[in-house]
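User: I have a structure to go through with you. Can we start with the fold and then move to pockets?

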Amino acid sequence: MTAPTVTLRDLTPEDSPRIHAWRNSEAVRSWMYTDHLIGPEEHARWFAGIADDDRRRYWIIALDGKPVGLANLYDIDRRHGRCAWAYYLADPATRGLGLGSYVEFWMIEQVFGAQGLTKLWCEVLASNEAVWKLHERHGFVREALLRRHIVKDGVGVDVLGLGLLAEDWAGKRDEMAARLANKGFVVPL
């Protein structure tokens, strides 16, 4: 089986309108902490704020050359060797293709390779079982249950905190690379 071509490229100013639309789509918004409709001014402030912030990095996820999602590192803390990350696939039709696993592998390699950090962590809505299970398959360990951590639609929602250490990834990397290769993906980096 031949997998589609997946690339992650740096964000450009031309991506701003697309990201604004994605952030306001139900497919993305339902899994984010920010679930209100984001106006143009609010989005413009957010987008301008990420440009000069060395504690954040963003990439557009492209499938066969078409932008389909966003991945990012945030709270990059070089002193403590850690950062957080998140991603989303904006088009529900891209789910189930192995794209999430590819992006996860690429981002982990970025963090422990190019970024030279030693810990990657994330927060996932407890109801987003597909994503936290994907993280656990890649070696992430649950480190926290944050009860009623955020409010969505007026209801307190639990959030899982997951972490991955560089040494944990070293023991998991070959297995995950083989899984990607079996799906036809060329292992990134």
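User: What is the strand order in the open sheet, and what is the pairing?

Analyst: This is a predicted model. The open sheet has seven strands, ordered β1-β2-β3-β4-β5-β7-β6, and the pairing is mixed.

User: Which strands stand at the edges?

Analyst: β1 (6–10) and β6 (141–152). Each has a single partner strand, so one side of each lacks a neighbour in the sheet. On average, neighbouring strands are turned by 25° against each other, direction ignored.

User: How do β1 and β2 run, and how many bridges join them?

Analyst: They run antiparallel, joined by five bridges. Val6 stands opposite Leu63 in β2.

User: Which strands does helix α1 touch?

Analyst: Helix α1 (residues 16–24) packs on the sheet and touches β1, β2, β3 and β4. Its direction makes about 85° with that of β3. α5 packs on the sheet too, touching β4, β5, β6 and β7 (155–165). The direction of α5 makes about 160° with that of β5.

User: Pockets now. How much space lies in the largest pocket?

Analyst: About 1,200 Å³. It is lined by 41 residues; Trp31, Ala86, Tyr87, Tyr88 and Asn128 lie nearest its centre. Elements giving two or more residues to that lining include β4 (82–89), α4 (99–114) and α6 (166–182).

User: What is the lining of the largest pocket by class?

Analyst: 24 nonpolar, ten polar and seven charged residues.

User: And what volume does the second largest pocket have?

Analyst: About 200 Å³. Among its lining residues are Asp10, Phe47, Arg56 and Tyr58. α3 gives the largest share, three residues. By class, the lining has six nonpolar, one polar and three charged residues.

Notes: Residues are numbered from 1 along each chain as its sequence is written. This is a predicted model: local features need pLDDT of at least 70, side-chain atom pairs count only at pLDDT 80 or more; totals for chains, interfaces and linings use all residues. Side-chain values use heavy atoms; hydrogens and water are left out. On a 1 Å grid over the protein atoms alone, a cavity is a set of points where a 1.4 Å probe fits but cannot get out, and a pocket is an open set with protein on both sides within 12 Å along at least five of seven lines; lining residues have an atom within 4 Å of a point. Grid points are joined across faces, edges and corners, and a volume is the space filled by probe spheres set on the points. Helices (H or I, at least four residues) and strands (E, at least two) are DSSP runs, numbered from the N terminus. Ala, Val, Leu, Ile, Met, Phe, Trp, Tyr, Cys and Pro count as nonpolar, Asp, Glu, Lys and Arg as charged, and the others, Gly among them, as polar. Two strands pair if DSSP finds at least two bridges between them. Axes are lines fitted to C-alpha atoms, for helices over the stretch in contact, and angles run from 0 to 180 degrees between N-to-C directions. Contact means heavy atoms within 4.5 Å.
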